[in-house]
Structure formats: structure tokens, C-alpha cells
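Thanks for coming. I have one structure to show today, and I will stay with the ligand and its site.

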Amino acid sequence: MLIRKPADIKPSEITSKDAYFSRREILRTGVYAGGSLLAGPGLAATLPEARGAKLSGIVPSEFSTDEEPNPYIDITTYNNFWEFGTGKSDPFRNAQDFEPRPWSITVSGEAEVTGTFDLEDFVKPHTLEERIYRLRCVEAWSMVIPWVGIPLASIIKQFKPLSNAKYLRFETLHDPERMPGQRGRSLRWPYVEGLTMAEAMHPLTIFAVGLYGEVLPNQNGAPIRLIVPWKYGFKSIKSIVNIEFTERQPRGSWQRAQPQEYGFYANVNPNVDHPRWSQARERRIGSAGDGLQSIFGAKKQETLMFNGYGEQVAHLYEGLDLRKNY
Ligand SMILES: Nc1nc2c(c(=O)[nH]1)N[C@H]1C(S)=C(S)[C@@H](COP(=O)(O)O)O[C@H]1N2
Ligand SMILES: [Mo]
């Protein structure tokens with residue numbers, strides 16, 4: 001597929017959600033009514049290499065929100081990915097030449113099974129699911145994104161973590177030749193993030209490999225990234241090459257850069273302000289109805305505790321002071 005620049009995207013594509021969602025209905029009935037179309041659990045996930053290639057065998061998820069997803073153009077042109085620049089339109093512009101293949105992932109640390117795996121082998125034993133999630137950035141904007149991914153729990157189980165594996169630590173690719181933002185010192189590279197094992201095993205946590213039913217675009221973290229929908233967006237680390245099972249709490253890149261502002265947990269919490277701004281409300285990108293990612297016109301809405309996923313995740317933090325553990 002040709003690289004899509006905003007000028008090449010037809011207005012019909014920008015509002016092509018109708019077409020997209022009727023395709024989803026087909027998927028849905030294919031899975032649940034047709035039954036035999038998909039093999040169900042154990043269906044081998046395949047990841048085509050071509051940009052924008054359609055993913056097949058996607059199963060819908062009970063965890064999807066029924067809110068209207070942002071258009072493809074918002075999700076793929078308004079990004080945060082400092083490896084490709086610090087501006088919101090930099091990743092779209094600077095990640096086009098990035099070649100996310102071949103790709104391998106190294107699993108190390110406190111687990112029975114460790115080693116380096118080709119991406120294809122890493123995802124193959126799993127079933128692809130569509131997960132429509134809210135993404136709430138710490139900078140008080142949000143979007144609704146139809147990811148395609150794999151529950152992280154099913155990936156983790158394959159590696160048989162040992163009982164002293166208390167956390168997972170993730171690293172993004174470090175390759176300044178391929179990631180121009182890494183030639184400067186905007187952050188310490190590689191980008192690092194971490195989760196507790198309970199957070200990583202939670203059914204809402206996924207590794208995303210696609211969006212809108214297609215292979216993940218480079219600017220969104222190709223070929224594989226974390227999605228933790230109840231946490232601020234910075235926890236959802238992109239373009240992962242290393243996964244470590246560890247006993248010690250990992251320190252994330254933002255936590256290291258600004259520990260007074262960014263903590264390990266980073267749960268979305270409207271009651272705990274960032275030292276420099278309120279977290280009580282957020283702007284839904286594009287919601288002003290005037291087309292492209294206008295953060296300025298976007299309507300403000302209340303931010304929900306745990307980004308609206310409290311019923312599913314609040315128990316993970318019982319007894320924890322969320323003011324101290326921000
Ligand atoms: N490696 C890496 N991962 C990253 C970032 C980054 O700069 N580098 N930015 C984070 C932040 S702050 C957000 S809000 C989300 C944005 O994801 P999106 O661009 O797909 O919407 O990615 C997160 N993952
Ligand atoms: Mo963010």
C-alpha cells in the first residue's frame with residue numbers, strides 16, 4: 001500500500017467508519033454465527049509485512065468500549081513517539097521510512113523460557129482480538145482507538161515466569177540510524193516502561209499489532225507495542241524489542257526524567273493533578289467536528305477514574321495511596 005499522506009486521504013475515508021463497522025459486523029457474525037470460519041482458540045495469528053495490510057482472523061472482544069472510535073487520520077497523525085520527534089505531527093512525518101522488519105524480541109530474566117524470538121513466532125500461537133479502548137494521554141487529551149492485539153497474559157504464560165518475577169520491564173528499539181529522535185537527548189534511550197505482574201496479566205492489557213483491522217502503522221509503534229488502557233498513555237511503550245521478568249520495580253523513562261511528575265503507576269486519576277496542570281478533564285481529539293485532530297476546538301469532558309476501567313482494575317490498587325503512588 002502507498003503511504004497515506006493527509007492530502008491523499010479522501011474525505012470519504014475520513015468518515016469511513018460506517019464501512020469499517022459493517023465489516024466488523026461481518027467479522028462478528030463470522031466468528032459467532034458462522035463458527036467454522038475461524039478456528040477459535042489456537043488460531044495462528046499471522047502478521048503480514050506489507051504496510052497497511054489487512055489482518056485476518058480478528059475476533060471481537062467483550063472489553064471494547066461502544067464509544068465512537070476516532071477516525072484513522074486522527075489516530076495516525078496526532079501521536080506521541082519521541083523516537084521520531086517531540087511534536088505531535090513528527091511521528092507521522094518522520095516514521096514513514098522506518099522498516100519494522102525483520103523484528104525480533106528478546107525475553108530474559110526470571111522465567112523458565114527465555115531467548116530471542118522472531119516476531120512471527122512470537123505472535124503465532126495467539127488469536128488476534130479487536131479491542132476498542134480509550135487512550136488518555138497525561139497531557140490531557142484522549143482518543144478512542146480500535147486496536148488489534150493479543151492479551152499479554154496469554155503471551156506471558158508461554159514463558160513460564162518464576163515465582164520471583166514480580167514485574168515486567170519493556171524496552172523500545174534503540175537504533176538512532178532508524179529512529180532520528182534518538183540522535184538527540186530529549187529522553188534517555190532506549191525508552192523503558194514497566195508493569196507489575198498483576199497489571200501485565202490483567203485481561204485488559206494487550207500487545208497491539210494493528211489498528212482499524214490493519215497492520216500497525218509505524219507512528220503508532222510498529223510492529224508491536226503495549227496497551228494498558230487504564231494508565232496514562234506513556235506507559236503504553238511502542239516498538240518493543242526487550243521484555244524482562246524482574247524482581248525489582250523497573251523505572252520508566254518519564255519517571256526517570258521527571259520523578260516528581262511521573263510515577264511508576266501512572267493510573268489515570270482525575271483527583272490527582274499533575275504538578276503543572278489539572279487531570280480532571282480531557283480533550284477528545286477531533287470532537288469539535290471540524291475534521292483533523294484539532295486539539296484546540298476539541299470538546300472537554302470529565303476524565304474518569306482509571307480512564308473508565310475502574311470496575312475491572314480498582315482491586316489491583318486496594319490499600320495503595322494513589323496520591324503517593326501516582
Ligand atoms: N517508545 C515510545 N513509546 C511511547 C512513547 C514514546 O515517546 N516512545 N510515547 C507514549 C505516549 S506519552 C503516548 S500518549 C502514547 C501515544 O500513542 P499513539 O501515538 O499511538 O496514540 O504512546 C506512548 N508510547
Ligand atoms: Mo502521552
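Predicted model: local features only at pLDDT ≥ 70, side-chain atom pairs only at ≥ 80, totals over all residues.

Residues are numbered from 1 along each chain as written, chains are lettered from A and ligands numbered from 1 in the order written, and side-chain values use heavy atoms, without hydrogens and water.

The largest pocket holds about 460 Å³ of space. A pocket here is an open set of points on a 1 Å grid over the protein atoms alone, where a 1.4 Å probe fits, with protein on both sides within 12 Å along at least five of seven lines; lining residues have an atom within 4 Å of a point. There are 32 lining residues, and N80, F81, C137, G233 and F234 lie nearest the centre.

Ligand 1 sits in this pocket, meaning that more than half of its atoms lie within 2 Å of the grid points. Around ligand 1 are 16 residues, each with a heavy atom within 4 Å of the ligand. The closest are N79, W82, E83, R225 and K238.

Which atoms of W82 lie 2.8 Å from a ligand oxygen: backbone or side chain? For W82 it is a backbone N or O atom. R225 places a polar side-chain atom 2.7 Å from an oxygen of ligand 1, and a side-chain N or O atom of K238 is 2.7 Å from a ligand oxygen. Polar contacts here are pairs of N or O atoms within 3.5 Å.

How values were computed:
Polar contact = N/O pair within 3.5 Å; in protein donor to acceptor, adjacent residues only side chain to side chain. Points joined across faces, edges and corners; volume = space filled by probe spheres on them.
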